[in-house]
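Hi,

Here is the structure I promised to pass on.

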Amino acid sequence: MAVADAGRPETVAQFERASFTGRASEYFGIWIVNVLLTIITFGIYSAWAKVRRNRYFYGNTVILGRAFEYHATGKQIFIGRVIVFLFFIGIQIIAAIHPLFVIVTTVLILAALPWLVQRGLRFNARVTSYRNVRFDFVGSVKGAFVAVVLGSFVSFLSLGILAPLASRWLYRYVFGNLRYGDRPFFTEPRVGALYGVWFVPALMVVIGAVICGIVGLAMSGAIMAIVNNADMTEEQMILTFVLGIYLAFFVVFVVYGLAALVYRAGVRNVVFSSTKLDDKHELLSDMSRARYAWIAITNIIVTVLTLGLMRPWAAVRLARYMTAHTAIRIHGDIGEVLSSIESTGAAMSAEYMDMEGIDFGF
Amino acid sequence: MVSEGSVIARGEWHPANSSRSVAATLQLAGGLVVAVGDAAGERHAAAEPEKMTFSPRVGSIPRRIVFPDGSLFETRDNDAIDAYVEKRQGRRSGFVHRMEEFHPRLIVFAGLVMLLAAGIYRYALPALVELAVLLTPPVVPDWMGSGTLATLDRTTLSPSKLPEADRRRIGDGFETLAAKAEGGAGAYTLNFRDGGYIGPNAFALPDGSLILTDQLVELAKGDTDMILGVLGHEIGHVERKHSLRQLYRAAGIAGLIMLIAGDVGSGVEDILTQGGGLLALSYSRAAESEADMRSVELMRAAGRDPAAIARFFERLEEIYGDHGGNSMLSTHPDTPERRRAILDYDAKLRGVTVEKNGPDTSTPGAEGGRQPAKP
């Protein structure tokens, strides 16, 4: 064990980095068996597969010498999924019978969204533990409405210009209401810092839009030339056009995807670095945005080129990078942290209704 | 004393719900599993093994052994715990974990996954769609049809402004056509509507309701066979239950992607979803040509011009051909083949063969007899 007297971590004034101890070769076995069993059980095993996957990743995320643990059970997740599945089937049937009903269900889902988000965050927090102490989430449904619904609305209506404000609301809600046992987290990401990491991706989007515009103009020019060119056959014209459309979609997909990755990494750095546990222990995230985007993109390329077989390697690679750039500085003594929720019993079994699907990628 | 017990594994012990821990060993003493502190050799917790939980092994992550009092013993010595559990149960534990271990067997698994994935997409998904179509009570398409028509009427369509004579003429022709179709004339109803911004179009709803827009009738300029050819195409869609099939297929693909989403990552999931959309397009093209062939058959059976639907495409070209780029937006790359296929099929039914590269009559027209993408 790295920490001999783990109950009382030393008073350290420097950041301790986390580390990811998982290996691609080891995860490959877990992954391929997950996929295989999911297929041959017609998807039923996917709930248990999720548990094994999460236990592997949580259990290999080590900070201050100890790993996290994921506690959700396959049965819990399975029941949750069945409920969600039946609900959506029901909606689909009704929507197929009466298309206008879609408006009603959309409004209903939107109205229920804050509640779903709040329950999802709580579920994910409560099934996570560190040093035998569970996390908890105490955010309200109203808070989720402001953080998620209002935030995305403002961000969308302002064409992303107010996105940093929305990010601030969101992560103040997510981390400000997170508890490690009886200890609260607190975060105060500064708007200025968030705009600092917003600038580059915003510039990327603008430049991308300009390029798309130029390509589009060139395309329409080319089309006019082709249309006026009697030598070209119908098929060739259509082919050119369809290729052009696919190209445009591809460029938009890549530019926005890239900008989103860069923004996400920047926000993570800002939010983590302005978060404190128990009002004194500081968190830190110092990922390089370019490196993070590079890893994420090459991961996708490698995964696709190998028909998914390199996915375990890609997942471990990303987890290793993100974990290695996360750290905590302990001031003084953490002392004994006590779970504020019972780890077993009614409190946990009542969580069936929770939406395990909603998480924020942290 | 406890110190004499046989040691199972070394690790750390936590009181219930507490982060405080002490270095300890897990020992076996007198039929009990005991957590013994390293420092003073004190007994922190003890229980009968049946009342304890040993977390299943995943890779080499720390193992949790929970005592009935809620206290926890955590160790990284997975092998030692496995050995103990195996000895106590008299059989090997962790079946899933043993399958997951790095071993040449995993290559077989990978091959199996590839094979199964291809098989599911190629055979299981279509079979499930067929099954779902068979199991769908006939009342569902009826509801879908009337609901969709009501919605369309409320949002886009308005009552037809066609002269009564035109309507009677087309309606009579439609009767003879529908009489030859599966289910007979009673299974199909023709509705005349003003298409509004939909323009010249005809589409079929799953319950056998066909909608024909005034604009399409105007476009035909009195060529009744042309209109009937398009309606024959729509009857083909209803007979083959294309909209229901498409619905189930899309749902099936979305479901498959959702199931493996966590195992492929969100980036790849997005790509799969887009790819699924492209595949759905190719599937709908197959459905279109199937309906084209049915139009030829029905028109032939009703004693009408079987190739009339091909003429419809020609007419579209006459009207929209000059606009070049504009109408190309709505066309499919395979429209020329589609027309050729109609003429070929008609010739085949007549027992005549035509040379493959007949006159180039390709048509960049707005696609005519298409049903709404999401009924």
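Below is what I found, beginning with the interface and moving on to a few spots inside the chains. Keep in mind that this is a predicted model.

**Where the chains meet**

On the chain B side, 61 residues are in contact with 70 residues of chain A. Putting the two together buries about 5800 Å², and carbon and sulfur atoms give 64% of that area. The rule finds four salt bridges across this interface. B:E74 and A:R66 form a salt bridge, with their closest N and O atoms 3.2 Å apart. There are also 14 residue pairs in polar contact between chain B and chain A, both residues at pLDDT 80 or more. As for which part of chain B touches chain A, helix α3 (residues 105-135) of chain B gives the largest share, eight residues. Sorted by class, that side of chain B has 31 nonpolar, 19 polar and 11 charged residues.

**A covered strand in chain A**

Strand β6 (residues 133-137) of chain A is worth a look: five of its five residues are buried. It pairs in the antiparallel sense with strand β5 (residues 128-130) of chain A over two bridges, and A:S129 has A:R134 as its bridge partner. β5(A) and β6(A) make a hairpin with two residues between them, and A:R131 in the turn has a positive phi of about 50 degrees. β6(A) also runs antiparallel to strand β7 (residues 178-180) of chain A, joined to it by three bridges. There, A:F135 stands opposite A:Y180.

**Salt bridges**

Over all chains, the search finds 30 salt bridges. One of them joins A:R55 and A:E69 at 3.0 Å, N to O. A:R55 sits in helix α2 (residues 46-59) of chain A and A:E69 in strand β4 (residues 66-70) of chain A, so the pair ties together parts 14 residues apart in sequence. A:R55 is buried at 7% relative accessible area, and A:E69 is buried at 7% too.

In chain B, B:D82 and B:R57 form a salt bridge with the closest N and O atoms 2.7 Å apart. B:D82 belongs to helix α1 (residues 78-89) of chain B and B:R57 to the loop between β5 (53-54) and β6 (63-66) of chain B, so this pair ties together parts 25 residues apart in sequence. B:D82 counts as buried at 16% relative accessibility, and B:R57 is buried at 13%.

Finally, A:D182, A:R183, A:D278 and A:K280 are linked in a salt-bridge network.

Cheers

Definitions and conventions: Residues numbered from 1 in each chain as written. Chains lettered and ligands numbered in written order. Predicted model: local features only at pLDDT ≥ 70, side-chain atom pairs only at ≥ 80, totals over all residues. Heavy atoms only, no water. Contact = heavy atoms within 4.5 Å. Buried area = accessible area lost by both parts, 1.4 Å probe. Salt bridge = Lys/Arg side-chain N within 4 Å of Asp/Glu carboxyl O. Polar contact = N/O pair within 3.5 Å; in protein donor to acceptor, adjacent residues only side chain to side chain. Helix = DSSP H or I, 4+ residues; strand = E, 2+ residues; numbered from the N terminus. Nonpolar A, V, L, I, M, F, W, Y, C, P; charged D, E, K, R; others polar. Buried < 20%, exposed > 50% of the residue type's maximum accessible area, 1.4 Å probe, protein only. Pairing = 2+ DSSP bridges.
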